[in-house]
Structures are given as structure tokens and as C-alpha cells.
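Thanks for making the time, everyone.

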Amino acid sequence: MSSPVWLIAEREFRTYVATLSFWAALAIGPLAAGGLLLVQGAHQISPPIAIAVTSTDAGLAHAAQAALKEAASLDGRDFTFSDNGVRLAIAAPARGIIDLRFQSDFPLSATGRALVARTLERDAARRISDGAVLTVHQAELPSALPLRRGPADAAHFVLMAMLWLTLTGSLGMLLQTVVRERATRSLESLLAAAAPWQIMTGKLAGIWGVSLLVLAAWIGSSGTLALFVPKTGFAPAIMTELTRPGLLLHAAAIYCLAYAFYGSATVAIGAMARDSASAQNLSRPMFVLLMAAFFTALALAMGAISPSWLLYLPPLTPFLLLIYPADALSWTTQLSLFVLMAGASFLVACFAASRFSLRESSVGHFGAKAVG
Amino acid sequence: MPAAPVDLLKVTGLAKHFRGGGGGINNVSFSVPAGSVTGFIGVNGAGKSTTLRCVLGLLKPDAGNIRLFGAPFSLTARRHIGFLPEERGLFPHEPARDAIAFHGRLKGMSRQAAFAAADRLLERVGLGARKNDRIAALSKGNAQRVQVLAAMVHDPELLLLDEPLSGLDLIAQSELLLLLAEFRAQGGGVLFSTHSMSAAEAICDRVVMLSEGRTIFEGAAPDASALAPHGAIVVTTDAEGLGAAAQLLGGQIVPVADAKGEAARWRVVLPREITHPVLIRALAERKVPIFAFEPIKPGLEGAFWHLARHEAMESRAA
């Protein structure tokens, strides 16, 4: 004998895994990762660019070369260093001040230049022991750029995008399965054998399993591909970062809460709708909210906005939590955000379960015209 | 003296009202004995589905009493009911065998027992060779049979079937009725709601008639048929002449539908000893034009309309 929750979850899972569209969705991750590596490989065929770093401070010049190498890999380029390359002049006119002068056609993006400046600032700060103020001129550092710390932040962004894509896809499936069973009244057969919360949890769990499988395939394929390609370059670095257990656990926890929140809301919408047309209309605001969450996270990643209070809006929390670097938030803040999400999900789930039941509903809940 | 059959289901004074008013029930009472097939007859909106939902605990009644297997309603007792909702919605991608076994497991059967029962039932209805076919690949009739088997897989004592014959061709209907007859022979009780009076006459031992949310008849099917009035449906432009002829013969006329053009459709109810040729002769003598003449068939249909009309008149008078 099995629990109705498990039985319903198993059936939902089997139903969706048996469809061709599921396997097509599953293939997106490996194909995208492979494509990215191909593009990266094509980039690496181009010859390295010669760079000349000039400075009176040998240590500073050495640190600048290392920073330039790293920044170039983010831009998909490779630098070699020689005296007659494109110039970067480094000067220290006063204690605590570093001037970087990039040649006008220096082959590095503004983000890359900012990374070089930040790296030099950090290295110089370590060497200053008297607490003098350190300033690096040349690049104005935006408050929150996605790639400011390289592949680690890019991996956060990729995870957020994956969460968003998987979530929207699985919410569509969830809405479809709830509405279909309500419209055909087969839900009544289930309600005659199981409690509303069991049916709701079973459906949530089944679709959750499907989306986890998709996510696992995407991340797993990225990690596997990363094992077989050279470790240089931006794309392999992101893929390697995506296999870091700590990051994955963090992302998995966020994903579970996001799915519980939006999934319960979807079930509630499906339970309130009479048919698929009304379900689509009712679900539109939720999908608009999801779009807003994505673009807010994107804006945050690009440094266009940075208010931390946005983190405390439950619909946005999971996406922004993934974008914020782990070290930018204290563990107490992170814990409070997790508790907030869990609480919001619980409330939405309670509401959804109440809408799922016929007991508290009017006949209009199932469509008055069909009552015989 | 043989013992009286046990009531698997007994409903007394059931009432359920909805916001907006439609689809509710007011005073529904009936019982379903073991080893019987009880037809649940009523037009759309009479309250059949609402009653079935209350019996299953899907809706909480406003008043009344429901006893399942001799005890008050409980979720444990509900496990011994097989339910077929009005509109069927099996997963189209699911194989027939899996769909049946799923419902069995949902009712508490082990995986092994549920699949064994699914195989056995599919063999019994001649679908054994197609057990692994997806529901989408089956004909509508076969898919419906799979749905009925899903309601029966856990070997319930009571079957509640909401319009099980809708959409089935005559052969599929007779196969399904055979299945229900077998179930009855094994001591099970069946309550099935239907619009089809002929199907109800073919298989039901008992009938419960519902009109405007009230029970208007409960009893043996032959007793219900005997209540059918004797007479005919007549289409004419001369209502006055028709009324006079009917009155002369000791009968009366009742409008059936709105007039189409000048002609209207009337139900002429006559004493049983007055034959149809006598009525036709009386109409001819009065030169009443007859556009259509259809004798009212004795049976459940006639009885139902007669009782429903009587109930409506009483309600209006009250």
C-alpha cells in the first residue's frame, strides 16, 4: 500500500517523462553547454594578443599581468606580454594612489578593465600596512556587476536563469494538469479517494520531480562537459563552478522554496479556474510577476539597481538571493530570507488546498451548468 | 422468511444549497440495497450529481443524513465505494492497465494486487490484449469501459456511476449493463444516474426519480412504470377543440412545449379504458386538425414526466 501523495506524484512524473517534449527540454542543457564550448573553442583558435605593461614597480607590473590574463579570459581572449604590444601604463604618483592608463584601442572591455583595477587595488591594499587610503584611478567600478568576480558570479546568474526557465516550464505543466482534471471532472475520482492536500502535494511533487530531473540533466551535462575541455576560458570556468557542491546545495534550497511558493500559487489558480481559458487569464498576473522577478534580478546583476529591500519581497526573493554573492549577505540575513520564503509558501499552500476542496466551495467552483 | 436486503446506502432528507441557487437539492431520500441496481433518474439540474457528491463526502450537505453500509458516513467506509464521475478524464498517455491499477492503489490495494485485478478485469471485458495500449489509442467505448473498471478494481461493495452510458454506442452500452448485472449478482449495489429510460428499464430493479432537487419516486421499477399516464401527444392548432374532446372522454390536456407557428404540442391524458382510436375518432368528429399524434409509451419515461409535473404543480400551489 502506498501513500496517495506518492501515487499521484509518481503518476504525474511518469506522464510527463513519457512525452517527447520532455526529452526535447532535457536536451536543451547539454546542447547549450556544448554550443557554448564550441564558441569558446572557436575563440581560442584566434592568436594571442601582445600586451605591454609598463611600470616602475615590478611587483605592480607582475600583478597587473596576472589580472589582465584573468580579465582577458572573461572576454574570451588570450594575452601574451611583450615590450611592443598594446600598452598599459601603471604609475604610482603618490602613496595610496595608482594610475592605470589603457591605450585607447586596448582590447579589453570596460568590465575587464574594472576587474584589473579591482585586482590591483586588492593586491596593493594587502601591501599597505599603515592604513593609508588607496585609490586606483582609471576605472569607475559599478556597485554590482555580474562578472566583477569572474565565473563565480556568472555561475550565479546562469543558475538564476536556469531556475527561472525550469520554474516557468514546470508551472505551465502544473497548471495544465490541475485544470485538465478539473475540467474533465476526473479530479472528483481522486477527491473520492484522497484528501485535497494529498492530491495537491502529489501533483506538486510529481512535477517538481520532472523539473529536478531537467535541472540535474542541465547541470550534470555542463559539469561533465567541463571535465573534458581545457580549463582555460570563461565557459569551462562557469561550468566547473556550476558543479561546486556548496553552490548547488544553496541553489537547490532556493529552488525548492521558489517551487513551493509559485507551485502552490499555480495550484490555487488552477483550482479557481473553470477551464483552460480562464486558467490562462488567471495565471497571467503570476507569469508577469515572474517576468518582473527575472528582469529585477537581471538589473541587479548588471548593477542597474541595488536596493536590498527587494530581497524581502517573497516573489523576488529566490531570484535575487541567487544573484547576490553568498558573501554579500550575512548568514542571519540569508536564514531570515529562507524563513520568509518558507512562511510565504506555507500560506499560499494553505490557500491552494482550501481552493482544491469541493467542501468549502460553491457549485460554481466546478461549473453550475454541469450539475445534474 | 428471507432476511430483508441490507441497505448499502441510505440517504434521508438530504439538502444542499449553493450561492446563486442552481444545482441544489432540497429533500432527497432513497436507499440502495445490496444486490440491486438502482436507477437515479432526473433531468439536467435535478440534483443527481450534487447528491452523489454529498454521498462521497465531496460536498458537505446543509441538512440530512447519509448512512453508508449501515453506519454514518466515514472516510474508511468511502473506500468501499467505486465512483465513476460524469465526465471521464483518464490520462491519455497512460496505458489502460496502469490507469486501472492506479485507482486500485489509491483505494489502498497493494501494487501487485492492483495490477493483478486490472489484468483480470481487462480480460473479462475482452480488452486483455490491449492492456498496454495508451488510453488515447482506445475507442471512446473502450476508454469508458476502462474507466468503469477503474471504479470497480478494488472490489467495492457499492458502485456510484454518474451517467455511465453517455457517449456509448448500443453494443458498448449492453456490454456495460452486462458488467453491472454481474456485479449485482455477486451481491454488490449499484446506483447509476442516467437520462436513458430504456437503459434504466433494461437493468434497474429499483428507481429513484429526482425533480427540482426532490425525490418524487422511490421504489421498484415496475411500480414506477405503472404510474405512467395513458394518452397521447397531439400537435394541433385547435386547443379548444382538443380540450373539449379530452374532457368528453374523461381526460385532460396539458401543454408540452411552446407553440410553433399556430400549432402547439399537447399531452392528452386519458382514462386507461379509453383507447387511442377512440380519441382520434372524437377529434375527427370535432374537426380538430391533427398535425401529429404520438401515443404515450407506458414505462419509466411517461411515469417520470407525469410525476415531475405533479410535483411542480404541488410546489407552485405550496
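Which helices and strands of chain B each supply at least two residues of the lining of the largest cavity? Before I answer, please keep in mind that this is a predicted model. The elements in question are strand E6 (81–84), helix H3 (96–106) and helix H5 (140–152), all belonging to chain B.

The cavity itself has a volume of about 80 Å³, and it is the largest in a set of five cavities of 30 Å³ or more. Its lining draws on both chains, with A:Ser189, A:Ala192 and A:Ala193 from chain A, and with residues of chain B that include B:Gly82, B:Phe83, B:His103, B:Leu106, B:Ala150 and B:His154. Sorted by class, that lining comprises six nonpolar residues, four polar ones and one charged one; B:Lys107 is also among the lining residues.

Let me move on to the aromatic side chains. Over all chains the count is seven aromatic pairs, and one of them I can describe in detail: the ring centres of A:Phe294 and A:Phe295 are 5.5 Å apart while their planes stand at 85°, so this pair is classed as edge-to-face. The two partners are assigned to separate accessibility classes, since A:Phe294, at 16% relative accessibility, counts as buried, whereas A:Phe295, at 47%, counts as partly exposed. Together with A:Trp164, these two phenylalanines form one aromatic cluster.

Where do charged groups sit over rings? Another lies within chain A, where the charged end of A:Arg113 is placed over the ring of A:Phe102, 5.0 Å from its centre.

I will finish with one loop position in chain A. A:Ser82 is found in the loop between strand E2 (79–81) and strand E3 (86–94) of that chain, and at 27% relative accessibility it counts as partly exposed. Its C-alpha atom is separated by 5.2 Å from that of A:Ala52, although the two residues are 30 residues apart along the chain.

How values were computed:
Residues numbered from 1 in each chain as written. Chains lettered and ligands numbered in written order. Predicted model: local features only at pLDDT ≥ 70, side-chain atom pairs only at ≥ 80, totals over all residues. Heavy atoms only, no water. Phe/Tyr/Trp six-rings, centres within 6.5 Å; stacked < 30°, edge-to-face > 60°. Buried < 20%, exposed > 50% of the residue type's maximum accessible area, 1.4 Å probe, protein only. Lys NZ or Arg CZ within 6 Å of the ring centre and 35° of its normal. 1 Å grid on protein atoms, 1.4 Å probe; cavity = no way out; pocket = protein on both sides within 12 Å on 5 of 7 lines; lining within 4 Å. Points joined across faces, edges and corners; volume = space filled by probe spheres on them. Helix = DSSP H or I, 4+ residues; strand = E, 2+ residues; numbered from the N terminus. Nonpolar A, V, L, I, M, F, W, Y, C, P; charged D, E, K, R; others polar.
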